[in-house]
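Have both ready before you read on.

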Amino acid sequence: VRRVWGNGGMAQIIVGKLGFGKDDFYYGMELAIHKSGYTAYSVDVATASACDVLLVTMFWWRDIYNLESFLRASGIRRGTGKPWIIAGGMEATMTPEIIAPMVDAVFIGDADDHLKGILDGIAAGGKPESPYFYRDGDVPPPIPAECAPSAFVLQKGGARDVARIEIARGCRFRCGFCALTGLKSYREVPFDHVEPYLARLPRGHPVSLFAPERVVHRDWPKYQDAIERYGLRDHGQDVRIEGLHKIHSVSATFGLEGISFKLRKVAGKAWKESYVVDRIRQFVEDNRRIAYLTAYFIADLPGEDAADWAEAWHLFETIENAHWSRKLTFKPVLNPFSPKPFTPLQGRIVHPFRPYETIWHNLLRKGGGEQWGFRLVETLVWGPFERVMDAIATNGKRKGYEVVRRLPTKLLTGKPPKSRNVDIAKQLLKLAYAQGLTDRDLRIDLDPTIPQSEPEVEHEVARMAAETMVRLEREVPGLEFAHARGD
C-alpha cells in the first residue's frame, strides 16, 4: 500500500470506485461502501493509479470488455498493489473466471457486510483477503456471500435527482432465465426501516423503491400510502403483469419474455394471450391519460419455432383490434436469449446468427412499411457480433480472457457497422477457436434458420414447462395459475 498514514490513530487509504453504467447509480457498491465507513472517490483513466484500492462493480457481460479497455487506457494492472483492484457485482459473481486475470480478486456475492473487513486489512498494511474472493486459477469459485438488504437511500443530485431505495432482495418467482433466485434468498426490508428516509425527502421528490418484484412485498400498500402522504413521485417502473393494477402510474415496464404461450411457460411466466391482453386493457382503461407500456421479449428460447412468431404477430393484431389500444403507447423490446449461470436454463444452446433484427423489424413494421393501429416505439436488436461477445463472456471462462486481451481496443467498447456485424462476429469466433474454445464450450449453434417445428424439441419444452409450473405453484403460494392451465 502506497498511501497509509495516521489520522487520529486510525489508518487511512485512498479508495477509488469504478462502474460502467450510464447514470452512475451503482447501488450495491455504494451500499457496501456506506456500511464500511470508508469514503470512495470516482476515478477515470487519469486518476485510477492514485488510489490504494480500486473497487470495480460489474453488472453485465459488456462490463468485462469495458474493464479491459479501462485497464489498457489507465495503465494499471493487477499484482502491483498500485492499486489493488477488486471486482464485484452480479457479472463478477456469475463469470469470475474470465474476470480474475484482470484483477487482484473477484468478490463473489453480496459485499455489504464484508467490504469493511477487506479495507481494514489493506489499511493495516496487508493484502486484500476474504473467504469470498476468487483469484485466477482457483477451483472452484466460493459459494456466493449473502447479505440481508438494509434501508439505504442513494441520491446523485442533478436534474433527475431520484432517491433510490432497495426494499427487497432475491426473488420468489424463479423464472427460468433469471439468476436472482439462484444467487440470493428472498428477503424484504421492513417498511418501518425505510419510512424515515421517505419522510426526510422534500415534497414532490422522485423516489424509486426497487426490488425484483416490488408489488409482492408484504408492506407494499404501506409504501404506496407513504408515497402519497409525503407527496412523493413514484418513479418505479418494473412490475410483473399480474401486478399492473397495483401501481399508480401511467407508465410501467414488464417482461412477457416468451413470444408465445409455449415459450412463456419455458421462461416461467405461463400467461395465455387472453390473460396478457386483459391485463394490458385494465391498465390502459384505468388511466385517464395515454398509457405507456414497455414489454420485454426474449428471442431464441429453447424450442422456438416459426409458429411462436406467428403467435407474436397475433398478439399485436389483437391489441390493434381493441378499441382501448388508441390510448396506448407500446414499446416492445426484444433481447436474444443469453442463458446465465445460476439459472434453470443455464447451458442451453443459442443461435447467434439467427436474423432476429430482420424478423423484429418486420413485426414492428407490420410486414413492410405499414404501421400498427396503436402508438408503437420501435427498438433495435443485438446482432451476431454482440451475441458472440456475450457467449465468450458468459461461457468462455479462463480461455475467454485470452480472447478478450487479444481484441483490438476499438472493439472492446465499440460496435462494428451493421453491414459488417456478421463478418466480424465470424472473425471473433475464429479468434476464440484459436484460443482453444469450441462451439460446445460457448454453447452456440451456428445454424441461422428457425425450424418450423421439431417434435423432440416440443417434448423437451413441454417437460420444462411442466417443471416450471410445479415449482411456481409450490414456491409462490397465492398466485392464480388458472389462466396458465387453461381452466
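Predicted model: local features only at pLDDT ≥ 70, side-chain atom pairs only at ≥ 80, totals over all residues.

Let's begin with the empty space. Rolling a probe the size of a water molecule over the atoms shows where empty space is left. Go to the second largest pocket, which holds about 320 Å³ of space. It is lined by 23 residues, and those closest to its centre are Met94, Glu97, Pro341, Gln346 and Lys397. Three helices, α3 (90–94), α4 (96–99) and α13 (384–395), each put at least two residues into that lining. Sorted by class, the lining of this pocket comes to 12 nonpolar, six polar and five charged residues.

How many cavities of 30 Å³ or more does the structure hold? There are two cavities of that kind. The largest cavity has a volume of about 100 Å³. Helix α13 turns up again here, as it gives the most to the lining of the largest cavity, with five residues. By class, that makes five nonpolar, three polar and four charged residues.

Next, look at the backbone. Lys82 and Pro83 are joined by a cis peptide bond, with omega at about 0 degrees. You'll find Pro83 in the loop between α2 (62–74) and β6 (84–88). A cis peptide bond also joins Val139 and Pro140, and omega is about -15 degrees there. Pro140 sits in the loop between β8 (133–134) and β9 (153–154).

Arg174 is not a glycine, yet it has a positive phi of about 55 degrees. Look for Arg174 in the loop between β11 (168–169) and α6 (180–183). Is Arg174 buried, exposed or partly exposed? Its relative accessibility is 33%, so Arg174 counts as partly exposed. Phe342 also has a positive phi without being a glycine, and the value is near 70 degrees. Phe342 lies in the loop between β17 (328–336) and α12 (356–364). With 32% relative accessibility, Phe342 counts as partly exposed.

On to the cysteines. A disulfide is a covalent bond between the sulfur atoms of two cysteines. How many disulfides does the model have? The count comes to zero. Take Cys171, which is in no disulfide: the nearest cysteine sulfur belongs to Cys175 and is 6.1 Å away, whereas the cut-off for a disulfide is within 2.5 Å. Cys171 counts as buried because its relative accessible area is 16%, which falls under the 20% limit. Cys147 is buried as well, at 1% relative accessibility.

Which of its residues are buried? They are Trp220, Tyr223, Gln224, Ala226 and Ile227. The partners of the buried residues of α8 are α7 (191–200), β13 (206–210) and β14 (233–234), against which they pack. Just after α8 comes Gly231, with a positive phi of about 65 degrees.

Two more stops show residues meeting across the sequence. Val266 is in helix α9 (residues 261–267), and it is buried, with a relative accessible area of 1%. Val266 and Phe177 are 89 residues apart in sequence, but their C-alpha atoms are 8.9 Å apart in space. Finally, go back to helix α2, where Ser69 lies. Ser69 counts as buried at 16% relative accessibility. What does Ser69 touch, if residues up to four places away in sequence are not counted? Its contacts are Thr409, Leu412 and Thr413.

Methods
Residues numbered from 1 in each chain as written. Heavy atoms only, no water. 1 Å grid on protein atoms, 1.4 Å probe; cavity = no way out; pocket = protein on both sides within 12 Å on 5 of 7 lines; lining within 4 Å. Points joined across faces, edges and corners; volume = space filled by probe spheres on them. Helix = DSSP H or I, 4+ residues; strand = E, 2+ residues; numbered from the N terminus. Nonpolar A, V, L, I, M, F, W, Y, C, P; charged D, E, K, R; others polar. Buried < 20%, exposed > 50% of the residue type's maximum accessible area, 1.4 Å probe, protein only. Contact = heavy atoms within 4.5 Å.
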